[in-house]
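Here is a short report on one protein model. It goes from the overall fold to the core, then to the charged pairs and the surface.

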Amino acid sequence: MTHTARRIGRSLALVLPVVLVLSGTLAVARVPWSTSGSESQVLTASSEKVNVRAKSRAPQDVLRDKLLLELQEKDPGVALTHLQREVERRPSLAQHCMSIARSLGQAAVKQYGPTLAQSFSRPVCDTSFASGVAQQTG
C-alpha cells in the first residue's frame, strides 16, 4: 500500500505542475485584454520569429530632448552652455546646432516669456536661440 501511494504521489508531483502551468497559460490566453465594441481580443502565441529592433534615435534628437529637459529644470543659459560643449566635443552635431538652439529659444519663450527668454541669448550656433525666441514671440 505504501509503495503504491508513494508511486502515485511521485506521478502527481511530476504531472501536476505541468498541468497547472498549461491551464494557467490557456486561461490567460482567453482573457479579453481590451475590448472594442463587442469584439474581444485573444492573446495568441506567434509561430513567427520576430526580430525587429527598435528604431534608434538620432544623436541630435537625443541631445535636443536632453537640453529641453535641462531648460525646464534649470534655465536656458545652462542648456545653451551644454549645447556649445556638446558641439565642440562632437563636431558631427554642428549641422544640427542651429535647429536645436532655435528649439531651445522657442521653449524658453513658453516657459519664461519673451523678455526673460531673450536675456539668456548667447552667440551659440549663430544666434539661433534668439531667432527661436523671435519666432515664438512673433
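The protein has 6 helices and 2 strands. Both kinds of element are DSSP runs, numbered from the N terminus: helices are H or I with at least four residues, strands are E with at least two. From the N terminus on, the order is α-β-β-α-α-α-α-α.

This is a predicted model, in which local features need pLDDT of at least 70, side-chain atom pairs count only at pLDDT 80 or more, and totals for chains, interfaces and linings use all residues. Residues are numbered from 1 along each chain as its sequence is written, and side-chain values use heavy atoms, with hydrogens and water left out.

**Overall figures**

The protein has 138 residues, and 24% of them count as buried. Buried means under 20% relative accessible area, exposed means over 50%, and partly exposed lies in between (1.4 Å probe, protein chains only). The accessible surface comes to about 10,200 Å². Carbon and sulfur atoms hold 57% of that surface. Areas come from the Shrake-Rupley method with a 1.4 Å probe; for residues, only the protein chains shown count as cover. Among contacts (heavy atoms within 4.5 Å) between residues at least 6 apart in sequence, 61% join residues at least 24 apart.

**The core**

Which residues touch the most other members of the largest nonpolar core? They are Leu67, Leu83, Leu104 and Phe129, out of 20 residues in that core. At least two core residues come from each of α2 (59-73), α3 (76-89), α4 (94-112) and α6 (128-137). The most come from α4, with 6 residues. A nonpolar core is a set of buried Ala, Val, Leu, Ile, Met, Phe, Trp, Tyr and Cys residues joined through side-chain atoms within 4.5 Å.

Take Leu104. Leaving aside residues up to four places away in sequence, Leu104 touches Leu67, Leu68, Leu71, Ala79, Leu80, Leu83 and Phe129.

Now look at α3. This helix has 14 residues and spans 20 Å from its first C-alpha to its last, close to the 20 Å expected at 1.5 Å a residue. The expected span is 1.5 Å times one less than the number of residues. The buried residues of α3 include Ala79, Leu80 and Leu83. The buried residues of α3 pack against α2, α4 and α6.

**Salt bridges**

Side chains of opposite charge can pair when their charged atoms come close. A salt bridge here is a side-chain nitrogen of Lys or Arg within 4 Å of a carboxyl oxygen of Asp or Glu. The count comes to 3 salt bridges.

| Pair | Closest N to O distance |
|---|---|
| Arg57 and Asp65 | 2.0 Å |
| Arg64 and Asp61 | 3.3 Å |

Arg57 is partly exposed at 48%.

Arg64 and Asp61 both lie in α2, 3 residues apart, about one turn of the helix. Arg64 is buried at 18%, whereas Asp61 is partly exposed at 30%.

Glu86 and Arg89 both lie in α3, also 3 residues apart. Glu86 is buried at 15%, whereas Arg89 is exposed at 56%.

**A surface patch**

Leu14, Val15 and Val19 make a nonpolar surface patch of about 290 Å². Patches use residues with over 30% relative accessible area and no salt bridge; like charges are joined within 9 Å, nonpolar side chains (Val, Leu, Ile, Met, Phe, Trp, Tyr) within 5 Å. Val19 sits in α1 (residues 2-29). Val19 is partly exposed, with a relative accessible area of 44%.
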